[in-house]
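Here is a walk through one protein model, taken a step at a time. Have the sequence and the picture side by side as you read.

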Amino acid sequence: MLQRTPEAEFSSSAAPHMEGDRSGKAKMVTLLLLLALAIAAAVSLATGASDASALSVFKDWAMQLTGGESQLSARDALIIYDIRMPRMVMGLLIGSSLAVCGATMQGLFRNPLADPGIVGVSAGAGLGAVTMIVLSSSILAPLAALLGVYALPLAAFGGGLISTLLLYRVSTRNGSTSVATMLLAGIALGALAGAATGVLVFKADDQQLRDLTFWGMGSLAGATWLKVLAAGPIIVSALLISPLLANGLNAMTLGEATARHLGIPVQRFKALAIVVVAAATGASVAVSGGIGFVGIVVPHLLRLWIGPDHRYLLPASALLGAGLLLCADAVARTIVAPAELPIGIITAIVGAPFFLWILLSRRSMLDL
């Protein structure tokens, strides 16, 4: 009788038509999420003080494609193309990147509590961004001039990368990650980053202080095409690389030793995953500030619906994260109109109870 090797067992578990496989459901959910995202994008374009709706925008596009003249007034065209549209694109990029980063970290650490915002990665990225904002007119002026529009996202990327590396080194031992150590290390790293950020805020001038206060709560209000140009290439590159991590993340769920036996170059894979998370998180934090809980809520919900296979979990997370952030932004713009609520408050109101539910449902697994 033939013996099944671990490799054969893993291949069987990853087979597309195995018993109990949810790949068909995952594909259907992904298509539904794509449709929902299109609706959320239309709502984002139509939400605001202007009477211009998403339908009027589509009619204007159709008119221009057929050689006709724009039917939008100069005011509406300015609002749609220079205010709402870059905001919508920024929401798509940031929501998808935060969700994909959450799913990647959870697969890398092999637990559902990992999230860039909760374990200190976003705080590290924020520290890098604040450092560039406050010191770009003094000590870092030559570097800021050299990097141009990419100075802020690259500074945030550096801060996120250092935080992610420190978190992984502290919480992982002999190929095993302690949930308690990860959470406590994340709290410590976040506190250190917060303290350093506080020192920089103390040194900031009045204009920088106003910008940093609103930025720290998370918002898409300052979205411009220039910011899209600065952060977009970094986020898009990370999102395009993330599907290449799917098989490795699936193998990592079985443990690093098993993943190594399955042919995964574990150290190089971990390095690539960490760079992807740091790059996407850093670029997102640089242009939107601290928006929390998207990375923990979205992947966990999708695992309940479509299972843990990262081949489907990562793209579905990108779609749901983008749609969720666009919906949260629409609420933030309308709930206290004509003022605007920071979007980080909306995501925290939804995400914090969800995080507590995850903790309570898994408290028997935590080695606290």
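Let's begin with a word we'll need a lot: a residue is buried when its relative accessible area is under 20%, exposed when that is over 50%, and partly exposed in between, with a 1.4 Å probe and protein chains only. Phenylalanine 354, at a relative accessible area of 16%, is therefore buried. Before going on, a note on the ground rules: this is a predicted model, where local features need pLDDT of at least 70 and side-chain atom pairs count only at pLDDT 80 or more, while totals for chains, interfaces and linings use all residues. Residues are numbered from 1 along each chain as its sequence is written, and side-chain values use heavy atoms, leaving out hydrogens and water.

Back to phenylalanine 354, which has an aromatic partner. Rings of Phe, Tyr and Trp (its six-membered ring) pair if their centres lie within 6.5 Å; planes under 30 degrees apart are stacked, over 60 edge-to-face, and the rest tilted. How many aromatic pairs does that rule give? The count is 2. One of them joins phenylalanine 354 to tryptophan 357: the ring centres are 5.6 Å apart and the planes sit at 50°, so this pair is tilted. Both residues belong to helix H16 (residues 343-361), 3 residues apart, about one turn of the helix. Helices here are DSSP runs (H or I, at least four residues), numbered from the N terminus. An α-helix has 3.6 residues a turn, so residues three or four places apart point the same way. Tryptophan 357 has 43% relative accessibility, so it counts as partly exposed.

Another pair is made by phenylalanine 109 and tyrosine 168, with ring centres 5.6 Å apart and planes at 55°, so this one is tilted too. Here the partners come from separate helices: phenylalanine 109 is in H4 (residues 74-109) and tyrosine 168 is in H7 (residues 151-171), so the contact ties together parts that are 59 residues apart in sequence. Phenylalanine 109 and tyrosine 168 are both buried.

Now stay with H7 for a moment. Several H7 residues are buried, including Pro153, Gly159, Gly160, Leu167 and Tyr168.

Leaving aside neighbours within four places in sequence, methionine 182 is in contact with residues including Phe109, Leu113, Val119 and Leu167. Serine 97 has its place in H4 and is buried, with a relative accessible area of 1%. Not counting residues up to four places away in sequence, serine 97 touches Ile235, Leu239, Ala280 and Ser284.

In one of them, aspartate 329 meets arginine 87 at 2.7 Å, N to O. Aspartate 329 is in helix H15 (residues 310-334) and arginine 87 in H4, 242 residues apart. Arginine 87 also bridges to glutamate 340, with the closest N and O atoms 2.5 Å apart. Glutamate 340 lies in the loop between H15 and H16, so this link to H4 ties together parts that are 253 residues apart in sequence. At 7% relative accessibility arginine 87 is buried, whereas glutamate 340, at 26%, is partly exposed. Arg87, Asp329, Arg333 and Glu340 are linked in a network of salt bridges.

Finally, what about disulfides, meaning pairs of cysteine sulfur atoms within 2.5 Å? The structure holds 0 of them. Cysteine 101 is buried at 3% relative accessibility, while cysteine 327, at 43%, is partly exposed.

Definitions and conventions
Helix = DSSP H or I, 4+ residues; strand = E, 2+ residues; numbered from the N terminus. Contact = heavy atoms within 4.5 Å. Salt bridge = Lys/Arg side-chain N within 4 Å of Asp/Glu carboxyl O. Disulfide = S-S within 2.5 Å.
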